[in-house]
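Subject: Structure for your review

Hello,

Here is the structure I said I would pass on. My notes on what was found in it come after it.

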Protein chains: 2
Amino acid sequence: VPLLSEQLGGRVLVQCENLQRTGSFKFRGAYNAVSTLDETDRGRGVVAVSSGNHAQGVAEAARLFGVKATIVMPADAPAMKRARTERSGATVVTYDRATQDREAVAAEILARQGGIFIHPYNDPYVIAGQGTVGLEVAQDCLALGVVPNALIAPASGGGLIAGIALGLHSEFPEAAIGLAEPAGFDDYTRSLAAGAIMRNEATAGSLCDALLATAPGPIGFAINRAAGTRGHVVSDAEALAAVAFAFNELKLVVEPGGAVALAVLLAGRVPVAGRTVVVVLSGGNIEGDMLARALATA
Amino acid sequence: VPLLSEQLGGRVLVQCENLQRTGSFKFRGAYNAVSTLDETDRGRGVVAVSSGNHAQGVAEAARLFGVKATIVMPADAPAMKRARTERSGATVVTYDRATQDREAVAAEILARQGGIFIHPYNDPYVIAGQGTVGLEVAQDCLALGVVPNALIAPASGGGLIAGIALGLHSEFPEAAIGLAEPAGFDDYTRSLAAGAIMRNEATAGSLCDALLATAPGPIGFAINRAAGTRGHVVSDAEALAAVAFAFNELKLVVEPGGAVALAVLLAGRVPVAGRTVVVVLSGGNIEGDMLARALATA
């Protein structure tokens with residue numbers, strides 16, 4: 001991106017997962033997970049819990065494999081995310097984020113109708129699927145003849161960043177890996193600093209609806225500790241400013257949670273001067289009202 | 001684009017000129033034109049007339065070559081386009097679209113301060129620059145192993161579509177070339193049907209502010225006649241629906257004028273079933289208010 005590169009004095013490359021099928025990287029992990037199921041398991045159908053992007057990814061992957069999907073979504077999930085999940089043919093079951101435990105709702109569905117549960121991040125096949133982002137970034141850098149000094153991506157449960165660390169380090173073991181989280185939901189940053197899994201106290205209260213996982217997934221956390229991943233925290237205002245920047249300058253539609261890594265860069269919290277930095281835009285499922293809010297406040 | 005391909009029963013490829021530097025394809029032709037100037041001419045500076053996208057393209061190309069740019073823009077040009085032109089260091093001179101002739105304003109500036117005039121479309125270097133879109137599409141199709149049966153792109157003065165026809169036909173001489181224009185500004189479609197250059201009567205009254213040229217440029221018109229280019233006309237409502245589709249489904253920011261070729265496709269006016277069709281999104285310089293209007297009416 002010439003504009004960002006000139007502003008920050010280095011080379012900034014953008015990985016556009018908002019342009020992925022279903023509008024986020026989640027399709028990669030979901031597709032990989034569903035693809036590993038045998039005929040018997042495919043016949044049983046899949047079940048997932050998600051605020052919206054994993055929901056769409058699983059629903060669309062299931063549709064492509066001819067598998068029935070049941071998705072547990074919070075009642076306050078963005079309407080666009082629910083509608084797009086249903087458009088892929090999935091059955092959506094809602095729960096109340098404040099009073100119900102979504103794992104329990106999913107367990108009840110699995111007990112009643114059977115099926116294979118696809119975890120949004122604590123699943124090696126899901127992490128491997130998200131890891132194709134890291135492999136593609138590595139291949140693109142090789143093709144461009146550049147060495148990425150650092151990569152930063154949004155994190156919720158940490159499956160994307162864990163997969164990316166594995167994929168990118170396979171070619172560029174020296175690349176620094178960073179994750180970005182919304183303020184109040186900085187469980188991953190605190191966990192990495194503490195060397196042990198820490199939980200968020202809040203369950204709501206961020207505009208980044210895609211990044212509200214309560215704690216790092218253990219599989220990805222082990223990978224990220226080994227990779228030396230470092231955490232960064234972004235305010236809602238910074239996330240909205242990044243959404244507006246993507247709209248005005250990059251001509252890309254990015255949701256608040258998908259823009260937090262760009263927000264870290266725009267806030268100057270990652271050194272860019274003289275370096276090559278890759279920033280991942282992880283999703284673009286934003287509604288018009290939220291975009292208008294971002295443009296009005298930026 | 002899997003979604004469009006599934007909906008329309010063929011293969012739809014999208015060329016994203018909204019992601020080009022300055023947010024539209026216009027940078028290509030402007031850069032090529034400025035690059036051909038010798039040191040003496042570069043020292044004299046460049047002058048252009050434009051409602052906004054050619055303005056930004058010339059301003060940014062001039063900045064990169066260290067050349068002074070003066071741009072004549074209508075007073076009612078979108079504020080974003082003017083601001084982005086000035087950000088590139090150009091001097092903007094405005095005129096009243098209803099009472100003043102922009103060519104006369106430019107001629108007066110050239111007489112007073114000298115400089116090289118860069119026409120927005122009736123210039124072989126500008127057309128050649130836009131033609132790199134056609135070359136890139138051809139290369140991408142070769143890399144994908146697909147033969148494009150048809151390509152459709154927005155047209156105003158016709159420089160883009162003429163350049164594309166030359167570039168794409170160099171590899172795929174059988175590809176059908178189509179252009180899309182807004183209703184009320186269908187001079188190119190009428191001219192192609194008549195075999196002679198026809199003018200628009202209106203000078204304002206379309207949301208597609210980038211597509212208001214009064215008549216085809218003679219150089220491009222000769223190229224398009226030889227290429228067998230065919231015209232399509234799009235209503236403002238259809239253009240807005242395409243802007244909303246690009247936002248919601250493609251996660252791309254596209255301005256109304258940049259979305260008219262997509263609008264032709266969505267309206268079912270180009271056969272897609274069993275074919276490979278390339279659609280060009282030519283620009284993304286839209287303001288939040290216009291996007292909100294598109295989302296509200298779609």
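This is a predicted model: local features need pLDDT of at least 70, side-chain atom pairs count only at pLDDT 80 or more; totals for chains, interfaces and linings use all residues.

Aromatic pairs

By that rule there are six aromatic pairs over all chains. One of them joins Tyr188(A) and Phe221(A): the ring centres are 6.0 Å apart and the planes stand at 55 degrees, so this pair counts as tilted. Because Tyr188(A) belongs to helix H9 (residues 187-194) of chain A and Phe221(A) to helix H10 (residues 218-227) of chain A, the pair ties together parts that are 33 residues apart in sequence.

The interface

On chain B, 26 residues are in contact with 26 residues of chain A. The two chains bury about 1,900 Å² between them, and 57% of this is on carbon and sulfur atoms. Of the area that chain B buries against chain A, 33% is supplied by Phe247(B), Lys251(B) and Val253(B), more than by any other three residues.

Six salt bridges are found across the interface of chain B and chain A. In one salt bridge, the side chain of Arg87(A) meets that of Glu249(B), with an N to O distance of 2.7 Å. Between chain B and chain A, 14 residue pairs are in polar contact, counting pairs with both residues at pLDDT 80 or more.

On the side of chain B that touches chain A, two or more residues come from each of helix H1 (2-8), helix H4 (53-65), helix H5 (79-87), helix H11 (236-250) and helix H13 (288-297) of chain B. H11(B) gives the largest share of that side, four residues. By type, the residues of that side of chain B are twelve nonpolar, six polar and eight charged.

Salt bridges overall

Over all chains the structure holds 30 salt bridges. Among them is the one between Arg28(A) and Glu17(A), whose closest N and O atoms are 2.7 Å apart. Arg28(A) lies in helix H2 (residues 26-35) of chain A and Glu17(A) in the loop between strand E1 (11-16) and H2 of chain A, so this pair ties together parts that are eleven residues apart in sequence.

Regards

Terms used:
Residues are numbered from 1 along each chain as its sequence is written. Chains are lettered from A and ligands numbered from 1 in the order in which they are written. Side-chain values use heavy atoms; hydrogens and water are left out. Contact means heavy atoms within 4.5 Å. Buried area is the accessible area (1.4 Å probe) that two parts lose on being put together, summed over both. A salt bridge is a side-chain nitrogen of Lys or Arg within 4 Å of a carboxyl oxygen of Asp or Glu. A polar contact is a pair of N or O atoms within 3.5 Å; within protein, one must be able to donate a hydrogen and the other to accept it, and residues adjacent in sequence count only if both atoms are side-chain atoms. Ala, Val, Leu, Ile, Met, Phe, Trp, Tyr, Cys and Pro count as nonpolar, Asp, Glu, Lys and Arg as charged, and the others, Gly among them, as polar. Rings of Phe, Tyr and Trp (its six-membered ring) pair if their centres lie within 6.5 Å; planes under 30 degrees apart count as stacked, over 60 as edge-to-face and the rest as tilted.
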